Amino acid sequence: MKILVTVKEVATVEDEFEIDGTEIDERFLGADLNEWDDYAIEEAVQLQEAGVADEVVTVTIGPEECEQTIRQALAKGADRALRVWDDDLEGVSLLDVGAKTDILQAVVDREEPDLVLTGVQSGDDSWGATGVSLADAIGFQWAAVVNDLDLDGDTASVHRELEGGVEELTDVSLPAVLTIQTGINEPRYASLRGIRMAQRKDLDYLTLADLGVDSSAVEGDLTLTDMYEPETETDVTIFEGGADETAAALAELLREKGVAP
Amino acid sequence: MSDVLAIADHRRGELRDVSYEIITAGLELADETGGDLHVAVISGPVEEFAEKLNRTGVDAVHTVAHGEEFNHDVYVQAITQLHDAVSPQYLLAPNSVNGLDYAPAVANRLGLPLVTDAVGLETDGETLIATREMYGGKVETTTELEGRAVATIRGAEWSVAEGTGDAAIEAFDAEIDESAIGSTVTGFEEVGGGDVDISEADVLVSVGRGIDEEENLELIEELADALDATVSSSRPIVDAGWLPKNRQVGQSGKVVTPDVYIAIGISGAVQHVAGMKGSDTIVAINTDPNAPIMDIADYAIHDDLFDVVPALIEQFQ
């Protein structure tokens, strides 16, 4: 079995930041492996270690700077990686679900995986939709928000994490796309040996032309027109001072409320 | 061209709150487009659901009787056929776990743009302007798109539609291709349970990602002991396996309504807030004064929890 894992490098934002037009000023941005994708990578690598998967391949849409994040996935045990990028993508301010679907569909056509794992969502733009959209485009079965997975032959038995502490138990026929929820496993840290080995693994770079994707596909239907800090309507009372003073004020409040001795 | 079609959400025989909120969102859009609001309910006791969904302003409720519980293959087929029949400008679905299991596929199949997790929607009849959050709620954005679209709406952002309407309730005869159904729901499982029910606690000392290390939980337990409180947490602590699932407060965990909720090192992601905003008094201890938890806190300390919590414990010794 071949597993394709979608891996995204997400932007992280400092506590204090400034907005420049429809972007956060890059001085306040960092980069990290998308948290949900980390769990998806771990799930794939565990399936490989269990002898269920023969190969784990990752795919990332992103510029060359992402390669450090992609190497993290390789260091955790993925066998090889693909990175898709070109000038047309460079100029896109908002890569919407439809555009990502078109690109990933072309990657699936090329790689022909039996199972695709994606994170439920990304920590930056949070569409939460690419996995299911991709599944429909490539004619795979799917399940969204999976927090338990058991593969048996041609069936994936999954738990879908619903709201309110309820899980749905579902059997999905393979091939399938599963969107992986945090908590399904415990993602490993990349070992030093893994990091060394990752340097020798294949990381292929592909353009849209290499994939046969028309550049108009990435223009998308959505336009980001504004970005701002949400207005707060808070009337919070802030306890000021050093830790001893604030703790004393909070203790007094808790005594007033009758919930502390 | 300018009608709106909204899809209801239900589980185990009950309509979920978002089903009434999506009617409000749909009414607002239909008012702006000058079109009708159609509501659809698929699977389960659809006749009974349709009566409840017939709120003031709803023009039509379409019922699709097929099976008891949610199945995304049934939903995708039924909704794409309904879309062809009703031809709405906007198709609304809840941004629930089930909504996210069918709406992206529906959008793909219909070749329509998709905007998810909207917290605001408006239109001038041509352009849909969706308000969304990014970076875990640190910023809000507006996104525009032209023509028809599929949008999923965040729960609890619109009010619950009230009143009884005079909608036409119509059974929609969707042709469901059983061979295209590739997944089967085999059951449901309640998670948690165990020895502690955090939804019963009067005082919760709740801990989040800010605790950094598992061994630091001792500090939180010490505070809970001093206050005769119960320890709960946000999602990352449970994901890391530091506390069992029955301690998780939030959308996918428990909804709690204690007298006092002390949020320690919790940023206040929307999924967490959904589970604790009904607490009588909310106290937040967090270094980040801009953390979303501050928007709903009644009292706050902007300081390092590792300085404040020991000092607080000392107050009760």
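Buried means under 20% relative accessible area and exposed over 50%, with partly exposed in between (1.4 Å probe, protein chains only). This is a predicted model, in which local features need pLDDT of at least 70 and side-chain atom pairs count only at pLDDT 80 or more, while totals for chains, interfaces and linings use all residues. Residues are numbered from 1 along each chain as its sequence is written, chains are lettered from A in the order in which they are written, and side-chain values use heavy atoms, with hydrogens and water left out.

**Helix α3 of chain B**

Select residues 72-86 of chain B, which form helix α3; helices are DSSP runs of H or I with at least four residues, and strands are runs of E with at least two, numbered from the N terminus. From first to last C-alpha the helix reaches 20 Å, close to the 21 Å expected at 1.5 Å a residue, the expected span being 1.5 Å times one less than the number of residues. Twelve of the 15 residues of α3(B) are buried. Among them are B:H72, B:Y75, B:I79, B:L82 and B:V86.

**The cores**

Next, colour the largest nonpolar core, which has 100 residues. Such a core is a set of buried Ala, Val, Leu, Ile, Met, Phe, Trp, Tyr and Cys residues joined through side-chain atoms within 4.5 Å. Residues with the most contacts inside it include A:V84, A:L89, B:I7 and B:L53. Centre on B:L53: not counting residues up to four places away in sequence, its contacts (heavy atoms within 4.5 Å) include B:A8, B:L15, B:Y20, B:V39 and B:V61.

**The largest cavity**

Now display A:W142, A:R160, A:E168, B:F70, B:H72 and B:D101, which are among the residues lining the largest cavity. A cavity is a set of points, on a 1 Å grid over the protein atoms alone, where a 1.4 Å probe fits but cannot get out; lining residues have an atom within 4 Å of a point. The volume of the largest cavity is about 50 Å³, a volume being the space filled by probe spheres set on the points. β11(A) gives the most to this lining, with three residues.

**A last stop**

Finally, select B:E314, in helix α9 (residues 305-315) of chain B. Is B:E314 buried or exposed? B:E314 counts as exposed because its relative accessibility is 57%. The C-alpha atoms of B:E314 and B:A85 are separated by 68 Å.

Technical notes:
On a 1 Å grid over the protein atoms alone, a cavity is a set of points where a 1.4 Å probe fits but cannot get out, and a pocket is an open set with protein on both sides within 12 Å along at least five of seven lines; lining residues have an atom within 4 Å of a point.
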